[in-house]
Amino acid sequence: FKIIIIAPVLIANTPDLAEYHAASLQLNQGYRKVCKERGITCIDAGEWEIDLTYDGVHFSEEGHRQFATKLLQNLEMSED
């Protein structure tokens, strides 16, 4: 079996969410660091620019499509 961890999509970088955006960046970096230290495959969804809803946190309908497409692409690449 193979373990794959997905570093999360970032919270929107807007004035009212700046603190949460910064925290999401730190969380994302933490996921990547732990994966690197442990030799675990890490897929960084923070790089995908997923479309979010008005709240800047949750995926829009299009964001769900984007996430699914990117995840499938990355999983196919990690099989090689």
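This is a predicted model: local features need pLDDT of at least 70, side-chain atom pairs count only at pLDDT 80 or more; totals for chains, interfaces and linings use all residues.
The protein chain has two helices and two strands, and from the N terminus on they go β-α-β-α. If you take the C-alpha atoms along the principal axes, they fill a box of roughly 40 × 25 × 15 Å. There are 80 residues in the protein chain, and 26% of those count as buried. Now take the contacts in the protein chain with a separation of 6 or more: 53% of them are between residues 24 or more positions apart.

Let's go to helix 1. That's residues 18–38, so 21 residues. From its first C-alpha to its last, helix 1 reaches 30 Å, close to the 30 Å you'd expect at 1.5 Å a residue.

Which residues of helix 1 are buried? They're His21, Ser24, Asn28 and Cys35. Look down the axis of helix 1 and those buried residues fall within an arc of 60 degrees, so they line one face of the helix.

Take Ser24 in helix 1 as an example. Ser24 counts as buried because its relative accessibility is 8%, and the cut-off for buried is under 20%. Leaving out residues up to four places away in sequence, Ser24 touches Leu10 and Ile11.

The face turned away from the buried side carries the exposed residues Glu19, Gln26, Lys33, Glu37 and Arg38. Two of those names come back in a moment.

On to charges. Side chains of opposite charge can pair when their charged atoms come close. How many salt bridges are there in this model? The count comes to four.

Start with Asp44 and Arg32, where the closest N and O atoms are 3.2 Å apart. This pair links distant parts of the chain, with Asp44 in strand 2 and Arg32 in helix 1, twelve residues apart. Asp44 counts as buried, at 11% relative accessibility, while Arg32 is partly exposed, with a relative accessible area of 35%.

Glu37 and Lys33 meet in a salt bridge, 3.4 Å from N to O. Both lie in helix 1, four residues apart, which is about one turn of the helix. Glu37 is exposed at 53% relative accessibility, and Lys33 is exposed with a relative accessible area of 53%.

Over in helix 2, residues 61–78, you get Arg65 and Glu61, again four residues apart and about one turn of the helix. Their side chains meet in a salt bridge at 2.8 Å, N to O. Arg65 is partly exposed at 45% relative accessibility, whereas Glu61 is exposed at 59%. Salt bridges with shared partners also join Glu61, Glu62 and Arg65 into one network.

Last stop, the greasy part. The largest nonpolar core has ten residues: Val9, Ala12, Leu17, Ile43, Ala45, Trp48, Ile50, Leu52, Phe67 and Leu71. Pick out Leu52 from that list. Not counting residues up to four places away in sequence, Leu52 touches Val9, Leu10, Ala12, Val57, His58, Phe59 and Ser60.

And the aromatics: the structure holds two aromatic pairs. In one of them, the rings of Phe59 and Phe67 have centres 5.3 Å apart and planes at 40 degrees, so we call the pair tilted. Is Phe59 buried, exposed or partly exposed? Partly exposed, at 22% relative accessibility.

Okay, that's my tour. Thanks, everyone.

Methods. Residues are numbered from 1 along each chain as its sequence is written. Side-chain values use heavy atoms; hydrogens and water are left out. A nonpolar core is a set of buried Ala, Val, Leu, Ile, Met, Phe, Trp, Tyr and Cys residues joined through side-chain atoms within 4.5 Å. Buried means under 20% relative accessible area, exposed over 50%, partly exposed in between (1.4 Å probe, protein chains only). Contact means heavy atoms within 4.5 Å. Rings of Phe, Tyr and Trp (its six-membered ring) pair if their centres lie within 6.5 Å; planes under 30 degrees apart count as stacked, over 60 as edge-to-face and the rest as tilted. The expected span of a helix is 1.5 Å times one less than its number of residues. The arc is that of the directions from the helix axis to the C-beta atoms.
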